[in-house]
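Take a look at the model below. We will walk through it step by step, from a single residue pair up to the contact between chains.

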Amino acid sequence: MTTISMTVNGKAVTGNVEPRTLLVQFLRENLRLTGTHVGCDTSQCGACVVHVDGAAVKSCTMLAVSCDGSNVTTIEGLANGAELHPMQAAFREHHGLQCGFCTPGMIMSAVDMVNRLGPDLDEKTIREELEGNICRCTGYHNIVKAVEAGAQAMGATGQRVAAE
Amino acid sequence: MRPNDHPAPGGVQLRHVSQPLPHDSAAKHVQGAAPYIDDLPEPAGTLHLAVGGSPMARGRLIAVDLEKVRAVPGVVAVLTAADVPGKNDISPAFGDEPLFAHGHVMFHGQPVFAVAAETRDAARRAARLGAITVVQEKPAVTVEDAEKRGDTVLPDYAFIRGDASAAIDAAPNQIAGQFRIGGQEHFYLEGQVALAIPGEDGAMHVHTSTQHPTEVQHVCARILGLPDAMVTAEVRRMGGGFGGKESQASQWAAMAALAARVTGRPCKIRLDRDDDMAMTGKRHDFRVDYAVGFDDEGRIQGVEMAFLARCGCSADLSQGVVDRTMFHADASYFLPELIISSRRLKTNTVSNTAFRGFGGPQGMLAMERIIDEIACRLGRDPLDVRKVNHYGPERDTTPYGMTVEDHDVGAAILEQLERSSNYRERREAIAGFNASSPILRKGIALTPVKFGISFTLTQLNQAGALVHVYSDGSVQLNHGGTEMGQGLYQKVAQVVAEEFGVGMDRVRVTATTTDKVPNTSPTAASSGSDLNGMAARMAARQIRDRLAILAGEHFGVPAKEVVFRDDHAFAGNESLPFAELARRAHAARIHLSAAGHYKTPKLHWDRQKGVGRPFFYFAYGAACAEVVIDTLTGENRVLRVDILHDVGRSLNPAIDIGQIEGGFVQGMGWLTTEELVYDKDGRLRTHAPSTYKIPVASDVPADFRVTLFDGENREETVYRSKAVGEPPLMLANAVFCAIADAVQSIAPGRPVPLDAPATPEAILKAIQGIVAAG
């Protein structure tokens, strides 16, 4: 077992893990942050996307020990208290979800997209940037609309990710 | 006029029903705060299961050596068929599928044993160490293999009218051919999962990700040898279902329940994605052999269609699925004389099962391809051939003897979409483009959808609901329908809030569970809101009627003059807050709880004779798709899609449009990129998203126009709405037909040998075929 420490959603956390423990296991099982979902187990569906030191990462692909000393944000850390992050609010308002299982990963990828590319995203860019996130329910149309609206709202408030 | 602007019958403006409210859990989903089963806090001592599957597709199971499995640290129990105290059978109806293989194996990956361990990791590592000895026999993998052996899971079945063979021969034109239609993996994002918690007196509480909690209850009870009353199955939400959690959830729930029984500890199973894809059933794939005779306008005189279904190793739901293929082999067209036959072939592959459309899409697609071939032979626009064959006056009886009473709705949708999509102008423009584009070719198609709504097993067309009003005026709602993302909980809550005239915030929806509403039907056949919406309304209405009597006494008016709206009961200018009325009702000893039960009217179906009215009504729609293909590589893109779809008076237009968009894209995946490949040994080679490609955001056309048809359900459904879950999937037939149209442009007049799915390889093969035919 190895002792690791990191900041998750603004809070300092410490845990004992086996070296092979994945970041997603550490988040879900040790920290009980179950909003990060496991869809495919093999880094393809994107349901497990979180931010590590400001960049989107599929947390089923990263070892927890590699995040020792890092700053991690999960879907639970995005809202500012009771106030939703603009991207969260956009997904709710624009019906960017059905079963909701892919939603946390979609939102984390979308926020990362805005952080990297700015708030003025065209539809083609959004669709290509979302290729690593699979949704089986919506047909993506409302997700793309939500990302577009969420990006603009982030731009209007000058907001990057909360807690980063 | 948008659908949600319509006043209710009687002119009352609705407060909740028809409003585009978000999904009931939307605010939680965007925060990762809506728990799925794997997210629930695990009770102390919870064990995790992993499954050991058969290494062969067919053979005698002669030894299962599990010593190494047991020796792994953390392993608490290993389960096989010998541990089943009840009946080793997880089948939904026909008694032909075991929880664990015993004596022989039926498909590659079939569960043989399960390991219960302290951690998921230990269980999965241990499961790899089982030594399973099978004396291999040659498996039947394809429908041809099964035909040779004469193996079926259920008897053959056919609809026959007139003398199809004579009608075909007598017709001025004939075509005969063969068409293959692939299956489809559900790829619900949340894999199969269950958590079983043992209770007192041997009872079992099972959290299960299922569309059919009652069946999970029955199967767990059967495996454990318990009365149904000792098992409770509960599901708050699924991360997608699509039919893949109708019968397919039972096995994992039963495995968890058995492990909980044997160990006395809570047990959880979550299949990893590869196991999920290898061990659970999929959409049926088909070979269709057909012959058709038609006049010079393309009007069908007689048709023979033989559907050979790969059912897999057991019957599962294949009776209903393949029946529904036959029910939809007419697509939207009148077939004067016909033989529509089916064989349910038994293969050594995982048992195929329900998948959105339940066999209907395969029947409908086969007929649309026949129409395309007729158009090709006659040199007519396929849309014109569709129109001359469409159901109409005097031509309104289906192959199963049901009259299509509202064929004018389907026809109106076709006409309206033809205009709004500029179909004719675009077809001309595409012909111009193709004339000067040797490599890239475009195609267009406009295809209709007519989908029968009701379970064809008549007894399933019933639902129950339970509504409580508490003395503070808050309302709790429960019904037999399950939430898999389709927005059912919200739609039914809208109906109940409307009934009491209260705000949505007052209505609390609780998890679907067999101890609140028993004997439920699966949430399937698109019937969720039709059935449960009505049952919940009936429950709410009973309580409201009791409250109206009390309020009437208070106001000194007859009960029928009391109106419930704006969180008050009104009589003339007087009003009582709803909460105050509930408090007074409790004080007056009035029962504030009610169960509602609904059964769909008008249904009768004699399967033996093949006649009756299996469907309460039809849902209609149409889609126009434009595509481009690269004739050198087979690569393709959908450029634009126009959809006009009939949901009656929508209960929630935002949710309905989401169903239409999502259903269409799922259908597009089925017909373009999603390909299941079994090797000659019966192993599924496409068992992960790395090899099985479902659509991603960039595959979906940016130009995607969805409109709701303006009309109400002519039958008395809840607020005159129509079912919406499955029908939109078949709108994607337009994509397949448009791809075929693009291939057709290479050699007009020659049949396009394109099978489904139209992958780049299939398109290239079709191009080579059509060129070689010259």
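## A walk through two chains

Gln476(B) has Arg508(B) as its bridge partner, and Arg508(B) sits in strand 19 of chain B. Keep in mind that this is a predicted model.

That pair belongs to a wider link. Strand 18 (residues 475–479) of chain B is joined to strand 19 of chain B by 3 bridges, and the two strands run parallel. Strands of a sheet pair through backbone hydrogen bonds, and they do so either parallel or antiparallel.

Now step back to the sheet. It is open and has 4 strands of chain B, in the order 19-18-17-24. The pairing is mixed. Which strands stand at the edges? They are strand 19 (507–509) and strand 24 of chain B. Each has a single partner strand, so one side of each is left without a neighbour in the sheet. From one strand to the next, the twist averages 20°.

A helix covers part of this sheet. Helix 14 (residues 488–500) of chain B lies across strand 17 (462–469), strand 18 and strand 19 of chain B. Helix 14 runs at about 135° to strand 18 of chain B.

Strand 24 of chain B also leads us to a loop. The loop between helix 16 (578–587) and strand 24 (593–599) of chain B holds Arg589(B). Arg589(B) is not a glycine, yet its phi is positive, at about 60°. Is Arg589(B) buried or exposed? It has 6 C-beta neighbours inside 10 Å, so it counts as exposed.

Another loop of chain B is worth a stop. It runs between helix 18 (733–744) and helix 19 (760–772) of chain B, and Pro757(B) is found there. A cis peptide bond joins Ala756(B) and Pro757(B), with omega at about 5°.

**Chain B as a whole**

How many helices and strands does chain B have? There are 19 helices and 29 strands. The radius of gyration of chain B is 27 Å. The globule rule gives 28 Å for 774 residues, which is close, so chain B is as compact as a globular protein of that length. Along the principal axes, the C-alpha atoms of chain B fill a box of roughly 85 × 75 × 50 Å. Of the 774 residues of chain B, 60% count as buried. Look next at contacts in chain B between residues at least 6 apart in sequence. Of these, 79% join residues at least 24 apart.

**Over to chain A**

Chain A has an open sheet too. This one has 5 strands, in the order 2-1-5-3-4, with mixed pairing. Strand 2 (11–17) and strand 4 (55–58) of chain A stand at the edges. Each has a single partner strand, so one side of each is left without a neighbour in the sheet. Neighbouring strands of this sheet are turned by 40° against each other on average, direction ignored.

Go inside that sheet. Strand 1 (residues 2–8) and strand 5 (residues 71–73) of chain A run parallel, joined by 2 bridges. Here Val8(A) stands opposite Val72(A), a residue of strand 5 of chain A.

Helix 3 (residues 103–117) of chain A lies across strand 3 (49–52) and strand 4 of chain A. Its angle to strand 3 of chain A is about 40°.

Two other helices of chain A meet each other. The axes of helix 2 (residues 86–93) and helix 5 (residues 141–157) of chain A come within 8 Å. They cross at roughly 145°. The crossing is right-handed. Helix 2 of chain A brings Pro86(A), Met87(A), Ala90(A) and Phe91(A) to the contact. From helix 5 of chain A come residues including Ala146(A), Ala149(A), Gly150(A) and Ala153(A). By class, this contact has 8 nonpolar, 2 polar and no charged residues.

Past helix 2, look at the loop between helix 2 and helix 3 of chain A, where His95(A) lies. Its phi is positive, at about 55°, although His95(A) is not a glycine. Why does His95(A) count as buried? Because it has 25 C-beta neighbours inside 10 Å, and 20 or more are enough to be buried.

**Where the chains touch**

Last comes the contact between the chains. Chain A gives 43 residues and chain B gives 43 residues. On the side of chain B, helix 1 (26–29) and helix 17 (653–672) are the elements that give two or more residues. Helix 17 of chain B gives the most, with 7 residues. By class, the side of chain B that touches chain A has 24 nonpolar, 14 polar and 5 charged residues.

Definitions and conventions: Residues are numbered from 1 along each chain as its sequence is written. Chains are lettered from A and ligands numbered from 1 in the order in which they are written. This is a predicted model: local features need pLDDT of at least 70, side-chain atom pairs count only at pLDDT 80 or more; totals for chains, interfaces and linings use all residues. Two residues are in contact if their C-beta atoms, placed from the backbone, lie within 7 Å. Ala, Val, Leu, Ile, Met, Phe, Trp, Tyr, Cys and Pro count as nonpolar, Asp, Glu, Lys and Arg as charged, and the others, Gly among them, as polar. Two strands pair if DSSP finds at least two bridges between them. Axes are lines fitted to C-alpha atoms, for helices over the stretch in contact, and angles run from 0 to 180 degrees between N-to-C directions. A crossing is left-handed if the near helix is turned anticlockwise from the far one by less than a right angle, and right-handed if clockwise. The radius of gyration is taken over C-alpha atoms; the globule rule is 2.2 Å times the number of residues to the power 0.38. A residue is buried if 20 or more other C-beta atoms lie within 10 Å of its own, exposed if 12 or fewer, and partly exposed in between; C-beta atoms are placed from the backbone.
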